[in-house]
Every structure is written in C-alpha cells, then in structure tokens.
Amino acid sequence: MSNAKHYLAAEADIDISSVSLSFSARAWSSIKKDKIAFLSVMIVIFLMLVAIFAPWFAPKDPLFQYPEGLSKIGAPQGPGSHFFLGTDQNGRDVLSRLIFGARVSLTVGVVATALASLIGVVIGTVSGYLGGWIESILMRLTDVVLSFPLLLFCIALIAVTGPSTKNVVLVIAFAYWTYLARIIRSQVLSLKEREFVIAARSLGLTTPQIIRRHIIPHLIPTIIVYSTLGVATSILIEASLSFLGIGVPLPQPSWGEMISEGQKYFQSAPWLLVAPGVTMIIAVLAFNLMGDWLTDLFDASTKVAQR
Amino acid sequence: MTTTEKLLVSVNDLCVHFRGNPKNFKAQIIKAVDGVSFEISRGETLGIAGESGSGKSTLARTLIGINKPTSGSIKILGEEVSKYSNASLRPIRKKIQMVFQDPYDSLDPRFTVAQSIAEGLQIRNVPKSEISSEVMKLLSVVKLSNSLATRFPSQLSGGQRQRVAIARSLATKPDLIICDEAVAALDVSVRAQILNLLQDIQEQTGVSYLFISHDLSTLRYISKNVAIMYGGRIVEFGNSDAVLTNPQHPYTRALINSVPTLSGVREHRNRIIGEPPDPANLPTGCSFSPRCNESISQCSVQTPKLLQISPLCKVACHVRFPHAENEASEGGKNYV
Amino acid sequence: MTTWLLRRTIQMLAVIWGVMTLAFILAFIVPGDPARMVAGTNASAQAVANIRHELGLDQSLVSQYFHFVVRLFHGNLGVSFALQNQTVGSVIMRALPFTMALAIGGILWELLLGIPFGIIAAYRPKSAFDRIATFSALFGLSTPPFWLGLMLLYFLAFKLSVFPLNGVGHPLIWYLILPSFTLGVGGAAFYSRIVRTTVINVLRSPFIEFAQLKGMPASLILKRHVIRHALMPIVTMIGMDLGYFLGGVLIVESIFGIPGIGQLAFRSISTLDVPIITGTVLIASVFMVLMNFFVDVLYTFIDPRVKLQRNT
C-alpha cells in the first residue's frame, strides 16, 4: 500500500540508536576519563583479590609469633626488610595481619551489606508499593530502629550473645537496612506513578508481576550505589566494634583490633597505629569514591533515557 | 459469548469522588467525575473533549480499573463491573486497553519494543513459541519495521513510541481502546499519521475507541460522536460534526471560538473569563454558571440535565431548556 | 497544619513507645541475675530472693513491663544495680552535660567546616581549592573516628602538648576541642559535599541568573538566596546528628576520657547494670526522636513548598 510506504519513509530517517550507548560502554568510557574513579575501582578490585587470596598475598603467617620479630628486650621491630611493615608486640608480622584483616573486613562488609540490602529492599518495596497501614507500620518500625543508638545496641547485643563474626555481621546488617529501606521506599513511591507502571496495571498484571518486572529493575542502580557505600560503612563499624573488643573474636586479626592494640604502644611503636589506620582509610575511601562514580554514572544514564 | 451485544460500554450516572486532605478540619470531597452517562457501540469512536480538570482523565482511568467508581454503573458487554475487585476485574481488563499521552513514559525504558508488546500477548496466554511471530504481526499492523523489535524506547522517536504503545494495546485483542490525549505530545505532522493509523486499525479489526482530547479538530476528525465535559459532567453530547459546527452549550461555543485560526479578526463574543472550577468545591447548580455570559437565575440553583435538543445532539443547559424538569441539587451528588 | 501536626505527634509517640519496648526487651535478655548483683556475691539465697521480690523481678513479664512503663511516666528510671543505690536519673544527669557540650561542639565544627568549604568549593568548581576540599572531605568521611582521635591525641596532645591528654577540667572548652573536632570532622565532610552539590544546582537555576542580570551584587545573592537553599538539607541532617551525638558517642568519649553518657553506657554494659543500660538507651533514643520531630516542624518553616502545604 502506498500508505505503508509513506509511514515508513517518514519514520525511517529518525534513527538515534547511535546516540544511546549501552550501559557498559558508557561505564568504560567514563572510567577511562576519570582517573580518580579508575584508581578507586582498581583499589576495590585489588582489595577483593587480597581478601580472597589472602594466604597467597601474605608473606608470613599472621598468627605466628616470630621470635626474630622482637628485639632483644622484647620490643616490636619497625618496618624493615625482613618484616615489611614491622612487627607487633607479639612478634607477629604487621603486613600479613593487615592482609588477613582485609579478608575479615571485606567479608563482614560484603555479607552484612548484602543482608542489609535484602531486608531494606523488601521492606522498602512492600511499604512503598502497597501503602496503607502496612506502610505506616513498616515505617514506624524503621524509625524505631533508626532512633536506637546503634553502637549501644551492638554492644549490648554482643555482650549478650557473645562476640562472633556471625554476630558482627548480623548487627551491622541490623543497623544499615533502615537507610536502604527509606531510600527504596521513596523511589518506589515515585515509580508507582510512572505511566508504564499504570500501563502494566491496566494490562492486568498482578502486583508481584509488576513489582518483579517493572519496579525492581529500576531500583538496581540505587541498590548498587548504596551497597557500595554500605561496604564502606560496614568496614568502619566492624573496626569500631573490634576496637572496643567486641568485634571479630581473636585470634583473627582485624584492623580495628590492631588499632586498639596499637594504642598502647604509640610512643614506642607508632607504626602499629599508623599502618592499620592508613589501610582502613584507603579501603573506605576507595569504596566511597567508587560509590560516587557509580552515582554519577547512573544519574547520567537516567538523563539520557529521559530524552 | 454474547456477540450480539452491540453495546460495548454502557456508563450510567458514574461518579468518581476522592477524599482529599481535610481543610480546616472539614473533610474535602473531590468530585472528579460527577454523574456521567454514555454508551459506546462496537466499532464506534466516541470523543471526549474537555480542559484539564474536567475529569476526562479520571474517567479514562476508572474505565480501565485504576480508579474505583464511587457510585453509578459501568457495564462492559452487559457485565456490571463497577463493584468488582481487582481480581475479578482481571479478565475484563483484556477487553479495554489504553494508549497514554506521554510516549516517553508509557513504555518501560528497560524493556525492548518486543518485550513491551509481548507483555500484552502474555495476558492472552499466547504460547511462548508463537510470541515472536505475533509481535511481528502487531508491528506490521502499526506499520513499524521488524528491525525495531529489539530497540529500546530511548532509541525511537515519539511517533514510533506511540505506535509501539498502540501495538501493545492491541496485543490483548481488546474491544475498546481508550486514547487519553494519545497524540497531544506528538508533532502535528506525526499526529495525522497516527490518527490515520488508528482509523485503519478500526476498519480492519472493528475495535472501538474512546478518544480523549482537548483538541476539537482532532476529535472532529476521528470521532463520530463527541461529549463535552466540564466540571466532571457532560454538558453537551452528540454527532461531532453537528456539535462542533453548531454548538448549543455556552461552554462549547466559547471553546470553539477560543481556537485560534488564521482567518482575520477574532470574534470577541463568547470569550471565557475566569478559571475552571475546583473539583473540591463545585458551584451549586450548573458548574459553568459563574463564567457563563448567558446564565439565568435558575442556573445557579439546579443542575441541568442532559436533554435532546436536536435529533443528533443533547445539551445540559437551562437557557436552552428553560421549563424542563430538573432535579434540585446542591451542586451535584455527594457520595463519600 | 494542625492535622499534620497531630498525625506527626502520634507517630512520634508510637516510635517512642517502640523504643521503650525495645529497651525493655534489651534489659530482659541481658544475662546475669540482677538480684544477685545487687545483693552481692556473698549474700544468702534468702537475701537474694528478698531483693528479687523487692525489685519486682519475680513477677510475670507482662506485669514487669507494665510497671516499667508506669514508672517511666513518673520520671523514675530506677536505681542502679552496680553503683550503690544511686538513681539512674541522677547518674545520667551528671554525665549528660558533658555529652551535651561535646555534641554541641561537634555540631559547631560540622557547620564551621562544612558549610563554608562547601560554598566556596561550589563557587569555584573544578578549581584547585575545590579539588582539595573535595578530597579532604572524602578523606574525613573515610577516616575511622577512633583512629583520627588517637592520631590527634598523639600529635597534638602528647607530642606537642597543645591540648590536654585526658579527661575534663578547666577550662572545659579547651578539653573538648579535640574530641569535638574528632566527632565533627566526619559530618563536616559529609555536609561540605552536600552543600557543594546543592549550591552548584542553585547557582545554575534561572532565578539566580536573573538576579545577576538585574545587577544584584554577588554577596547579596549569596546571602539571600544561596544560603537559604544550602541550609535546607543541612537542617535535616543536623537534627539527626544532634540526636545521634546526644545519645553519647562512646568511642570518642572513651579515647579522650570524657565522662559522658557514652562512657556510662559502655561501663554499664560491662557490669551488666541493667537500669543504667535501659536508662541511657532510652535517653539516647528519645533525644533522637525528639530531634527528628523538631527538624520536621522546623522544615515546614524553612522550605517554602512545604509551607504551602502547611497553610492549606
């Protein structure tokens, strides 16, 4: 039909597929431009590898008390050729302890954040989409948990149940899910009103189908960003708990515990305090920067899609 | 199946009222739709004209089940659906579909064209093996090339997106498609193409349309009958040519006269002054009376009924029917 | 407005009730027998039983909860187990002023560092200052506060003797400078980033351009428009921070030896002094809730959009 040709001719020349790149392509070009983002992602990947392959990275056994690690009067050695970052008061190699500490911090961080994300997304989505009294109750619950002094609660809970890695993970997850729940809920509230969601409802899709197909995929950028930041926060909280002596139990090395021990020797052996602190800063910084970069990336992609 | 049922949709005295935020401790009732009645037959296109706030979008959303009617009756193919729950509405939803105004937002940006259309097919329980070919068929119905099936909405133009939206709405083989300002966001040249496409589809499949628009010339082009909405009510109804060339209601007259044309000096009679009414606070009697330059005393007391003024047209106006039987009211019905 | 206020107040009360219940449950699951603790290790079983009865610990869970709530309404937080019959109220009152001073100091640092840095960075985006400021901000965010505190102590108090090493004394402010700085630096970093983003967005908006075209001097633009917008997100966060700080920041308090609520709470947990644990937890949470509420109300006065909602 001549009409058909007419239609196709009118539409065919408008082809903007070249403008809209895929997400991974955009991520790649962005990272090539932004050196800081590149560096932070590299550090994060490096940390992950170190955490997973700690035994291969660590030059020495982190738990072993090397007799040559202590000087003749039993004082810890400073950084040198034998012990790259020195030894602690028990003759243990600081570098190896840092590496195994990375394993602890990252494991706790990732697992706790994953758990917190799961809980936060579920609660945020349910309260945001269903609304009504469900939303009120869930939000009040979130408020109660948010208002509770986090550290005190952690301490009390661990005092009650005994320090263990599992408890640390649970306690951090308990603290962090509330932030995610709030953010997700406000996103779901605005997503609910988008026309493609209303279109899906008018199509007759069930609520679980709509949530699964149309709401959750749009939440993924937020989840990724907040998970990255969550790992950073978890590392800090775990270190705080270990610093107080109620974190990951001995003999596992933890950055927080190393700092706590290092306090006592900061006159004679300042490296015991400096090394774990600087390492922590670098790690947390890297995760924060990566979270920043991801935020910018996702912001840009929503702007492109909206055009 | 009652295929002899020529009456697709029969709406009778439909009211859709919302509870608003209490103001000064008084409960607010927002009367978005206040006593609307009309019928749509198979293969017919009914146009609904009105400005923002007239209630036309609420009406559309109520028909597809997004809003719940407060009172009145909605019959789809003879079945009374106004009190149905979401679950019982599900089989009915297939029969009425909607094409939305915003071509940029009505398609999920994360779904490809094919996926968006396939969602509709899935409602019809089309087996997986046939989905691909059905999608291609629908694409050809809306005159889009098959190569666009794997594209994302961000890679399409506005007109193309609307075509995809139309294809999606056709996927469930509906009896009625509601077009809620479906062409308002498109360029004028594209608009004509889409309207022609809709007419072609109607010829091929016999689907009915409820076409909502604020643009009278569009309505005149595409719909057989048109209803003019104001303040949640229908104030004039009839054959679109007749209503738009010879309007009877003062509001319709002013609406038509306000359309800018290229021909010379505008007539300044019938210019509308003032603002559309606040649905939370409708005037008593005829809701247009505060702005009407023809109003008589009866207008602010009683709500005018829609009465036949000519073989093809009905109008709700006391000035046209000064002695008609009207029901006394306090600004419409109050259903909470 | 009044309906909103009423609703918000009811919400707040609901949250406080939730917190109370949580605190009570917390107290209950703490192991150890409080009656024995009060009686002393050498007391006879009869004496312990008597004390248990006196403390009401032999009653059912529900009735204990009921009494707990009733006592709370009379402002009675109970008597400390470990600290020789001092009322929880008095103990907390002694520690609270220190924590308050610390909290206010922390907030001041956050504002003094965060807002100016953020605004200046926004006015000179991508400049050297901006980059340094942003980087220091990120640094401040990523530094564990306890480590920072220790570093500051080591360099400024120990090595250089600028600041006192430990505890509190005269003048109080001098003793609080380092700890409040440690507290505030993380928040300052956070605020400066938020202020920077907000101000950059505001500076880009059309009405600022209009004001510039009108010939408004930059300082006036700053004062009238920019600061108001920058303050809005800050106000929310200050509320939360203040609530959080007032709960007692235990790590900073213990590093610097400040006898505040945080220290109190920590010690009470190690001694399993349940009434004090409950008391401190309650005080901290209630502060948090009240602050949030206050901020919400304040916001309706600051944000003009919310103001409109208020008047309808």
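Colleague: What share of the contacts in chain C with a separation of 6 or more comes from residues 24 or more positions apart?

Modeller: In chain C, residues 24 or more positions apart account for 72% of those contacts. Two residues are in contact if their C-beta atoms, placed from the backbone, lie within 7 Å. This is a predicted model, where local features need pLDDT of at least 70 and side-chain atom pairs count only at pLDDT 80 or more, while totals for chains, interfaces and linings use all residues. Residues are numbered from 1 along each chain as its sequence is written, and chains are lettered from A and ligands numbered from 1 in the order in which they are written.

Colleague: What makes a residue of chain C count as buried, and what percentage do?

Modeller: A residue is buried if 20 or more other C-beta atoms, placed from the backbone, lie within 10 Å of its own. Of the 312 residues of chain C, 38% count as buried.

Colleague: How many helices and strands does chain C have?

Modeller: Chain C has 14 helices and zero strands. Helices (H or I, at least four residues) and strands (E, at least two) are DSSP runs, numbered from the N terminus.

Colleague: Why are β11 and β12 of chain B called paired?

Modeller: Two strands pair if DSSP finds at least two bridges between them. Three bridges join β11 (residues 307-310) to β12 (residues 313-315) in chain B, so the strands pair. They run antiparallel and form a hairpin with two residues between them. B:L307 stands opposite B:V315 in β12(B).

Colleague: How many residues of chain A are in contact with chain C?

Modeller: On chain A, 28 residues are in contact with 34 residues of chain C. On this side of chain A, α12(A) gives the most, with eight residues.

Technical notes
A residue is buried if 20 or more other C-beta atoms lie within 10 Å of its own, exposed if 12 or fewer, and partly exposed in between; C-beta atoms are placed from the backbone.
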